[in-house]
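Have a look and see what you make of them.

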Amino acid sequence: MPYAADFGITLILENQIGKGLNDYDAIFAELKRVGFNGWISIEDGVDGMDQLERSVTFVKRKVAEYWPS
C-alpha cells in the first residue's frame, strides 16, 4: 500500500484532520494528479469519537470534491 511520502507529500501531525497546518487541497490535488485511486486511511480520535467523526466527515468531503461520483 502506498503512503503519502511515496508521492512526495509530507504531513504535519495535527489535532484534528482539517483543522491544522496541512494544506489538504494541495494534498488531494497532488494525489489526483498522480492518478491515486486507492484507500485513504486516517488515524485520529485522540480526543474522542466526536473528533474522529469530524475528521472522517472532512476527509469524505475532500474525496467527494476531488473524485466526484
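**Notes on the aromatic cluster**

1. Start with Trp-67: at a relative accessible area of 24%, this residue counts as partly exposed, because buried would need a value under 20% and exposed one over 50%. Keep in mind that the model is a predicted one.

2. How many aromatic pairs are there? The count comes to four. Take Phe-28 and Tyr-66: their ring centres sit 5.9 Å apart and the planes meet at 25°, so this pair is stacked, given that stacking calls for planes under 30 degrees apart.

3. Phe-28 belongs to helix α1 (residues 24-33) and Tyr-66 to helix α2 (residues 49-66), so the contact ties together parts 38 residues apart.

4. Now back to the tryptophan. Phe-28 pairs with Trp-67 as well, in an edge-to-face arrangement with 6.0 Å from centre to centre and 65° between the planes. This pair also links distant parts of the chain, with Phe-28 in helix α1 and Trp-67 in the segment after α2, 39 residues apart.

5. Put together, Phe-28, Tyr-66 and Trp-67 make up one aromatic cluster. Phe-28 takes part in both the stacked pair with Tyr-66 and the edge-to-face pair with Trp-67.

How values were computed. Residues are numbered from 1 along each chain as its sequence is written. This is a predicted model: local features need pLDDT of at least 70, side-chain atom pairs count only at pLDDT 80 or more; totals for chains, interfaces and linings use all residues. Side-chain values use heavy atoms; hydrogens and water are left out. Rings of Phe, Tyr and Trp (its six-membered ring) pair if their centres lie within 6.5 Å; planes under 30 degrees apart count as stacked, over 60 as edge-to-face and the rest as tilted. Helices (H or I, at least four residues) and strands (E, at least two) are DSSP runs, numbered from the N terminus. Buried means under 20% relative accessible area, exposed over 50%, partly exposed in between (1.4 Å probe, protein chains only).
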